[in-house]
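User: Hey, I'm new to this one. Can you walk me through what holds it together, side chain by side chain?

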Amino acid sequence: GRTGRDIGKADHGAMVWDEIVAFWLVMLFVMPAEWSGQLAAFVLFRAFDMIKPPPIRYFDRKLKNGFGVMWDDIVAAFYTLLVLALWRVMAG
């Protein structure tokens, strides 16, 4: 939150700590996996983070503080883990 205030924008593009922490959470559950699984997790996470499906878009627009900057990425991480879990179940 403070960095956003100092820069003058709550979620400035130069601040990537929120994405790093959220992706670390994904990797915590994906590891150990083959390289292809890690790549799939990264692509899914970035897609959810960029496309911002509901409710990620809502959180991104409404929460303009340190918590909000982190929360939309945490939800994107949850979506990523959900898709990966469903993928594993469907694959057998």
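User: Which residues do ring pairs link into a cluster?
Analyst: Phe 23, Phe 42 and Phe 45 are the ones joined that way. Keep in mind that this is a predicted model.

User: How are the rings of Phe 23 and Phe 42 arranged, and how many aromatic pairs turn up in a search of the whole structure?
Analyst: The search of the whole structure gives six aromatic pairs. In the pair of Phe 23 and Phe 42, the rings sit edge-to-face, 5.5 Å centre to centre with 85 degrees between the planes. Phe 23 belongs to helix 2 (residues 17–30) and Phe 42 to helix 3, so this pair ties together parts that are 19 residues apart in sequence.

User: Is Phe 23 buried or exposed? And what about Phe 42?
Analyst: Phe 23 is buried, at 17% relative accessible area. Phe 42 is partly exposed, with a value of 39%.

User: Which aromatic pair involves Trp 71?
Analyst: Trp 71 pairs with Phe 59, again as an edge-to-face pair: 6.1 Å centre to centre, 80 degrees between the planes. Phe 59 is in helix 4 and Trp 71 in helix 5, twelve residues apart, and the pair links distant parts of the chain.

User: OK, and the largest nonpolar core: which residues touch the most other members?
Analyst: That core has 15 residues, and Phe 23, Val 26, Ala 41, Phe 45 and Ile 56 touch the most other members. The elements giving two or more residues to this core are helix 2, helix 3, helix 4 and helix 5. As general background, nonpolar side chains in soluble globular proteins tend to be buried together.

User: Switching to charges. How many salt bridges does the structure hold?
Analyst: There are three salt bridges. One of them joins Arg 46 to Asp 49, and the closest N and O atoms there are 2.6 Å apart.

User: Where do Arg 46 and Asp 49 sit relative to each other?
Analyst: Both are in helix 3 (residues 35–51), and because they are three residues apart, about one helical turn separates them. Arg 46 is partly exposed at 25% relative accessible area, while Asp 49 is buried at 6%.

User: Which partners does Lys 52 have?
Analyst: Lys 52 forms a salt bridge with Asp 49, the closest N and O atoms being 3.4 Å apart. Lys 52 also bridges to Asp 72, where that distance is 3.2 Å.

User: Are Lys 52 and Asp 72 buried or exposed?
Analyst: Lys 52 is buried, with 16% relative accessible area, and Asp 72 is buried too, with 1%.

User: And which residues do the salt bridges that share partners join into one network?
Analyst: Through those shared partners, Arg 46, Asp 49, Lys 52 and Asp 72 end up in one network.

Terms used:
Residues numbered from 1 in each chain as written. Predicted model: local features only at pLDDT ≥ 70, side-chain atom pairs only at ≥ 80, totals over all residues. Heavy atoms only, no water. Salt bridge = Lys/Arg side-chain N within 4 Å of Asp/Glu carboxyl O. Helix = DSSP H or I, 4+ residues; strand = E, 2+ residues; numbered from the N terminus. Buried < 20%, exposed > 50% of the residue type's maximum accessible area, 1.4 Å probe, protein only. Phe/Tyr/Trp six-rings, centres within 6.5 Å; stacked < 30°, edge-to-face > 60°. Core = buried A, V, L, I, M, F, W, Y, C linked by side-chain atoms within 4.5 Å.
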